[in-house]
Amino acid sequence: MPESVPSPARAPLSEQVMIQMEGVHKWYGAFHVLKDINLTVHKGERIVVCGPSGSGKSTAIRCINRLEEYQRGRIVVDGQELSNDVKLIERIRREVGMVFQHFNLFPHLTVLENCTLAPIWVRKLPRKQAEEIAMRYLERVKIPEQAKKYPGQLSGGQQQRVAIARSLCMNPKIMLFDEPTSALDPEMIKEVLDTMVALAEDGMTMICVTHEMGFAKTVAHRVIFMDGGEIIEQNAPEEFFTNPRSDRTKLFLSQILHH
Amino acid sequence: MAEPRIPHPVPPPPASTVGVVGWLRRNLFSSPLNVVLTFLAVYLLLVTLPPLLRWAFLDASWSGDNREACHPGGACWVFIRVHFDQFLYGFYPDEQRWRVNAAVLLLVLGAAPLFVRAVSGKFKVRLGLGLLVVYPLVAFVLFKGGTIGLPVVDTSQWGGLLLTLVIAGVGMTAALPLGVLLALGRRSRLPAIQSLCVTFIEFWRGVPLITVLFMSSVMLPLFLPAGMNFDKLLRALIGVTLFQAAYMAEVVRGGLQAIPKGQFEAAAALGLGYWKTMGLIVLPQALKLVIPGIVNTFIALFKDTSLVLIIGLFDLMNIVHNATTNPAWLGFSTEGYVFAATVYWLFCFGMSRYSQNLEKRLHTGHKR
């Protein structure tokens, strides 16, 4: 399955920093969810974040487009530092696409309308142009024939591919994936991973929270392991999988790879 | 050795499960209790229906123009015939009633494309908004007059079904948007807006509509400077609208709460702001979910308009009541109230059917 996906060329990374997280802390009430997260992501870099459930990995990437607030530290996305300024947040969100575990497609709109909504209303594109772009991306995720259907008429894998296309229609500079295959039936995981690999081949900057270790091995430049709200270890995938340094990483890998 | 299998035709379902017999068994005689209930219901219908039909149709008097034309024993629909125009228009002057007819015709023609499937959605939205904004002004000018060469007809002369429809129409079209805003405000993160909306909703929901109408007609003038007097109908309209908006707000809030957090997050992640998220993503789904509740409120509003009789407005209910006290027609209140009830029922049933149709059409087969 995931092991069979072809590895996109890992070209040398650009110097340009796309995401910079510095000393980010977050509390839910008294519960300390994120502890001193430091992360630098370069343009074109592909990062896989893994860790046990409740380790704060989803929360961490959701801070990048401000779906979650954080109480300490700073995050700079594409040269702009996140603040409480609503307009600034909206501007940053336009450049950061996000794919969710449960797809979150808009059920009252057709697939095509899901894809054209933000380009028309946020990017102010003419409808015709937005539809052309949408069809192009729907072809890329290999479901142009479903354009007139409603999300409820599609399978889970198809819905997640529409969600990816919807994000891409905004022409984002960064894509965040929050466990994109966790809610899918096993036979649908590959079609979504294939789509993500294709995206990686085009040089998209990606952060992906996933347990698909095959995907991490073939696609990621760097694998990050989180536990208890901290980044425990990060390394290139070959090193990470063959020679994990911390005991917690070893335990996690043994649990996830031997079942 | 096994015998060669002879293919046989698929047997038809047993006769007792299909057709009329099947239907009867399933729906009327499926258990001993249901058998008893079926017979009981048939008995009740046999007892009540024939006398009712005899009174309303067979023995009823239809023609004539005074009470001498009424046969005893049956309903006297002559009473309704004689007062029919009054029931429709109230005290609106005879020679000006064409203005009301024109306004109704305009509405029917204007709204007709909304119910035609072939018309594009975009055009429907524009037409609908246009009707909502422009039509009330046009109708007001036609009803009230005073401009474009039409003589003034004071609102105190409006009455009957016309007045009922004016109050219900204004109440519905104003209460829904106001209710949506109140519902959004109640869920707002801004404490000032939130507490304002909560206070408004709880105040208006906490007082009976009768009290609101009394206050608007009796108490409000006490607070206004002497000589300042604004229209009684306008005050009733404002009272009804604010009252119903509070109910509407809670109905809409129920819908808003049913929208999963993921929808808000997906909209936010695409860079949509608050109003676009609400207008394009959340409200279309939330309102669709609460169509039954909205129509419920509309129907209640339609019937509540009859309460304006206590402030001396002659809506359909009051004008019928008024006619039954006419010395020339004493003793025909049953006919009058049956007629009024039938008209209310027709409108309410119409709304109910339309909403069911709307729900079916808007269903996109997705529950997430």
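In this predicted model, helix H1 (residues 57–64) of chain A lies across strands E1, E2 and E4 (72–77) of chain A, and the helix runs at about 125 degrees to E1(A).

## The four-stranded sheet of chain A

The strands E1, E2 and E4 belong to an open sheet of four strands, whose order is E2-E1-E4-E5 (chain A) and whose pairing is antiparallel. Strand E2 (31–42) and strand E5 (80–81) of chain A are the edges; each has a single partner strand, so one side of each is left without a neighbour in the sheet.

Strand E1 (residues 17–28) of chain A and E2(A) run antiparallel and are joined by eight bridges. Two pairs of residues illustrate this pairing. A:Gln20 stands opposite A:Thr40 of E2(A), and A:Trp27 has A:His32 of E2(A) as its bridge partner. E1(A) and E2(A) form a hairpin with two residues between the strands, in which A:Gly29 takes a positive phi near 60 degrees. As a general rule, side chains in a regular strand alternate between the two faces of the sheet.

## The six-stranded sheet of chain A

Chain A also holds an open sheet of six strands, in the order E6-E7-E8-E3-E9-E10, and here the pairing is mixed. At its edges are strand E6 (96–99) and strand E10 (230–235) of chain A, each of which pairs on one side only. On average, and with direction ignored, neighbouring strands of this sheet are turned by 20 degrees against each other.

How do strands E3 and E9 of chain A run, parallel or antiparallel? Strand E3 (residues 46–50) and strand E9 (residues 222–227) of chain A run parallel, and four bridges join them. Within this pairing, A:Val49 has A:Ile224 of E9(A) as its bridge partner.

| Helix pair | Axis distance | Angle |
|---|---|---|
| H3(A) and H5(A) | 8 Å apart | about 25 degrees |
| H3(B) and H14(B) | within 11 Å | roughly 50 degrees |
| H10(B) and H11(B) | within 10 Å | roughly 160 degrees |

In chain A, helix H3 (residues 111–121) packs with helix H5 (residues 156–168) at an angle of about 25 degrees. This angle is under 35 degrees, which means that H3(A) is roughly parallel to H5(A). H3(A) passes H5(A) in a right-handed crossing. On the H3(A) side the contact is made by A:Val111, A:Asn114 and A:Cys115, and on the H5(A) side by A:Val162, A:Ala165 and A:Arg166. Sorted by class, the contact of H3(A) with H5(A) has four nonpolar residues, one polar and one charged.

In chain B, the axes of helix H3 (residues 78–89) and helix H14 (residues 333–362) cross at roughly 50 degrees. H3(B) is therefore oblique to H14(B). The crossing of H3(B) past H14(B) is right-handed. From H3(B), the residues B:Phe79, B:Ile80, B:Phe84 and B:Phe87 meet B:Glu335, B:Gly336 and B:Phe339 of H14(B). The residues of this contact between H3(B) and H14(B) comprise five nonpolar, one polar and one charged.

The remaining pair, also in chain B, consists of helix H10 (residues 261–269) and helix H11 (residues 274–289), with axes that cross at roughly 160 degrees. This angle is over 145 degrees, so H10(B) and H11(B) are roughly antiparallel to each other. H10(B) passes H11(B) in a right-handed crossing. Here B:Gln263, B:Phe264 and B:Ala267 of H10(B) meet B:Thr277, B:Met278, B:Ile281, B:Val282 and B:Gln285 of H11(B). Five residues of the contact of H10(B) with H11(B) are nonpolar and three are polar, with no charged residue.

How many disulfides does a search of the whole structure find? Over all chains, the search finds one. In general, a disulfide is a covalent bond between the sulfur atoms of two cysteines. The cysteines joined in this model are B:Cys70 and B:Cys76, with an S to S distance of 1.8 Å. The link of B:Cys70 and B:Cys76 is left-handed, with -45 degrees about the S-S bond.

Conventions:
Residues numbered from 1 in each chain as written. Chains lettered and ligands numbered in written order. Predicted model: local features only at pLDDT ≥ 70, side-chain atom pairs only at ≥ 80, totals over all residues. Heavy atoms only, no water. Pairing = 2+ DSSP bridges. Contact = heavy atoms within 4.5 Å. Axes fitted to C-alpha atoms, helices over the stretch in contact; angles between N-to-C directions. Parallel < 35°, antiparallel > 145°, perpendicular 65-115°, else oblique. Left-handed = near helix turned anticlockwise from the far one by under 90°. Nonpolar A, V, L, I, M, F, W, Y, C, P; charged D, E, K, R; others polar. Disulfide = S-S within 2.5 Å.
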